Amino acid sequence: MGKMLSIMRGPSGSGKSTHARMIKNAFEGAVIVSADNYFMHDGEYKFDPSLISKAHNDCYYKFLDAIDHEVEEIVVDNTNIHNWEFANYIKAGRMNGYEIEVIEFMATSVEDIKTCIYRNQHNVPAEIIMRMCCEFEPCFSQKNVTVHGIV
């Protein structure tokens with residue numbers, strides 16, 4: 001099997017990080033990159049909205065570092081609600097010979113949204129999760145897209 005890039009998409013609490021860890025456990029040497037990691041300090045998540053751009057830049061640089069180190073399996077674990085948020089990951093992955101899979105976690109009902117609100121690990125306000133669900137854009141490329149319900 002060649003090099004693989006898996007891109008998670010979905011609202012907070014939808015199961016992205018759980019699925020990302022499953023991939024990491026299945027592939028020795030797999031790397032997960034996430035903007036959330038920027039906010040982890042001494043094992044505690046301390047979100048600061050003023051640093052969100054820095055967090056995403058840090059995530060992208062770690063992704064490029066994984067490519068430079070020829071990591072066989074890279075997982076991007078961000079919400080990626082809009083296509084522009086993950087387009088550069090796909091471009092860089094393709095340019096470096098990665099097979100790409102986009103894994104979407106769709107909230108398709110009020111019950112799904114409630115589940116995401118209840119389960120999210122970072123105290124994301126309910127109105128933000130509802131907005132993520134409403135603004136979720138279909139993937140610009142239907143090739144290699146796997147759609148999951150909320151797991």
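How far is the sulfur of C116 from the closest cysteine sulfur? Select C116 and C133: the closest cysteine sulfur to that of C116 is in C133, 5.3 Å away, too far for a bond.

The model is predicted, so local features need pLDDT of at least 70 and side-chain atom pairs count only at pLDDT 80 or more, while totals for chains, interfaces and linings use all residues. Residues are numbered from 1 along each chain as its sequence is written, and side-chain values use heavy atoms, with hydrogens and water left out.

A disulfide is a pair of cysteine sulfur atoms within 2.5 Å, and the count here is 0. C59 has 1% relative accessibility and C116 has 0%; each is buried, meaning under 20% relative accessible area with a 1.4 Å probe, protein chains only.

Now select S12, D36, T79, H122 and V124. Of the 36 residues lining the largest pocket, these are the closest to its centre. A pocket, on a 1 Å grid over the protein atoms alone, is an open set of points where a 1.4 Å probe fits, with protein on both sides within 12 Å along at least five of seven lines; lining residues have an atom within 4 Å of a point. The space in this largest pocket is about 1,000 Å³, counted as that filled by probe spheres set on the points.

Finally, select I52, H56, W84 and Y89, which are among the residues lining the second largest pocket. That pocket holds about 290 Å³ of space.

Notes:
Buried means under 20% relative accessible area, exposed over 50%, partly exposed in between (1.4 Å probe, protein chains only).
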